Amino acid sequence: MLETAWGHDLYFASGLGIELRLRESRSLFNRDRIQLKTVLNYASLEMASTSAQMASDSSPSMRRCLYDVFLSFRGEDTRDNFTDHLHTHLVQRGIKTFRDDQLTRGEEIQPKLLKAIEKSRSSIVVFSKKYADSRWCLEELATIMECRQKYGQIVLLIFYHVDPRDVRKQTGSFGDAFTEHEKNWKNKVQRWREALIEVGNISRFHIEVGYESEHIKKIITNIASVILSYKLSFPKENLVGMYDHMKNISLGLNMESNDVRMIMIYGIGGIGKTTIARYVYKQISWRFECCSFLENVERTELLGLQNQLLKDTIVGGNKKISNTDQAAYVIENSLHFRKALIVFDSVDDDMNKLELLVGTHNWFGKGSRIIITTRDKHLRNRLKVDHSYEVVGLKYIEALKLFSQYAFGLDFPKEDFKGLTDRVIHYCQGHPLALKVLGSNLQYKTIHEWDSQLHKLEKEPEMKILNVLKTSYDGLDRSQQKIFLDIACFFEGENRDFASKILDGCKLYGEINIRVLWDRCLITVTSDNRICMHDLIQQMGWQIVREDYPEDPNRWSRLWNIDDIYHAFISEEDAKRRNHISRLVNIKRNMADYRNICPDKKVFVEMKKLRLLKVYSSYGDGYKMTLPDDFEFPPNLRYIH
């Protein structure tokens, strides 16, 4: 049954027994209603997830593997040269490789070796002239081919100075070896021959002439593309919404281009920039000669970051450098001819770090990709990035899934908690960190405890969320912080030019400081030039105003809530504390909840710093504030409405 009329139940059933039932929600971030396409996509995701769970666990991606690669080779031919170099490059790429260097062999192939083959995602077989002389190598090959049939194990073949036809047909040196094996191992020869015949159907690399280092580069790139595509297609955590992010960032990465490209991922704190960058890094790292992911650049000492970058990208780069200028020189010279992938996570506008760590396009070799995450989109001009991507909040259906995973361990809410869940989703406004933190906090709580927590959040934001968001505020200068609080308490939703003119009148440099807040992702400006602020960021601003005296509005610098205004102006119980009200600079008053208010004129006399006063009613003109005949406005008032 498929019903498309909103307001009715929507059912989507499949042969797998999946049923998705949604009701129209009135609190979808104050955005448009969920589109039918989104709902059907979500249903498809659920079906795909169920199908994956029902799939056989025999595929190389679904099995629990101890190793990425099992390396089979004839030690006498290649242990000290080609295979050793190949092994080194595999390990440098982060590919966990089993090399049979230390096993002591007896009459039968050891259980440990069998286990290593079976527990490997893939095998690389290096055929050399004397490979078939060893019955152990042939036994390894036969076991590898069995694992290929049984588990779908990936097998890659390298013919090292040997003719592939001799291997497949057992002629030449391979024919001579089998003539000897027929004498002593007749019961196993047929199994070995079948394994060698089967190699004719598998992708191969043939090394006959040329520099081995160049061959190894090509082999590693091809091997990594196959092996890591399996390894990384199934991340351990379910990254909700990652497909759309990857699709947009891929356009900027333009992996087919051989140019050096810088990509910037920006957005407010906790929106998922680092998670996205880490996911992209894992997906594409196999394509590069060297890689490094430098976390929390903003809060880490420059020299430590430089040494870590050198350690990650240069073989033998463990020697620490004690001078930042020297480290920058070494980084530039070491990476100039190398195809590198580097992520600089959480970058601010620290000029030293930008110049001596991030550098310029010229620092890196052809095909390099540099990814920068930041809360300051102004850096895209300073660093001359090639592509920038703003991370915004999750869509409703994605937010619902992410929150449910943390709160219920499911992809959807429990029946009795649907209404409360919708309130949480509305509160978080698609913010991933908030969804995760609140989901974890509310797990195993009762309905009454959920309701209590949601009421608490109206006055007391969750500190784990607040602290992440407040990092951007702490990085502002004094006038920028004042304007941020003015917007949070007063100008949110107002015209940018209007707000800028008033703030200029208050000597707060409105034009430039509003731009800085926009660049720092603390506000946005809509197409019709209105200033908007994410609900969680606005709540952070309110909390900053309240934090020193949470129970005493008389001591706050700004008032915007009618109950707090009432206590500061009218309430007799607060009258004794009004000697602190002189610090008040802004008042925004909605009269809808109090039809008539007549404040004591003495209160305004004390407000020597009052700059902004707005009195309005969201319910029409039937509400008013009465002022005494001899009322005088404070001397520093710059705007009254």
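Modeller: Before we look at any lining, a convention: Ala, Val, Leu, Ile, Met, Phe, Trp, Tyr, Cys and Pro count as nonpolar, Asp, Glu, Lys and Arg as charged, and the others, Gly among them, as polar. Note also that this is a predicted model.

Biologist: How many cavities of 30 Å³ or more does a search of the whole structure find?

Modeller: The search finds three. The largest cavity has a volume of about 50 Å³.

Biologist: Which residues line the largest cavity, and how do they divide into nonpolar, polar and charged?

Modeller: The lining consists of Y427, P461, E462, I465, L466, L469, L536, Q539 and M540. Seven of these residues are nonpolar, one is polar and one is charged. Helix 20 (463–474) and helix 24 (535–546) each contribute at least two residues to the lining.

Biologist: Turning to helix 10, what should its 12 residues span?

Modeller: At 1.5 Å a residue, helix 10 (residues 242–253) should span 16 Å, and its end C-alpha atoms are 16 Å apart, so the two agree.

Biologist: Which residues of helix 10 are buried?

Modeller: Buried here means under 20% relative accessible area. The buried residues of helix 10 are M242, H245, M246, I249, G252 and L253. Seen down the axis of helix 10, they fall within an arc of 115°, so they line one face of the helix. Y243 and L251, on the other side of helix 10, are exposed.

Biologist: What do the buried residues of helix 10 pack against?

Modeller: Their partners are strand 8 (261–266), helix 11 (273–284), strand 11 (369–374) and strand 12 (387–390).

Definitions and conventions. Residues numbered from 1 in each chain as written. Predicted model: local features only at pLDDT ≥ 70, side-chain atom pairs only at ≥ 80, totals over all residues. Heavy atoms only, no water. Helix = DSSP H or I, 4+ residues; strand = E, 2+ residues; numbered from the N terminus. Expected span 1.5 Å × (residues − 1). Buried < 20%, exposed > 50% of the residue type's maximum accessible area, 1.4 Å probe, protein only. Arc of directions from axis to C-beta. Contact = heavy atoms within 4.5 Å. 1 Å grid on protein atoms, 1.4 Å probe; cavity = no way out; pocket = protein on both sides within 12 Å on 5 of 7 lines; lining within 4 Å. Points joined across faces, edges and corners; volume = space filled by probe spheres on them.
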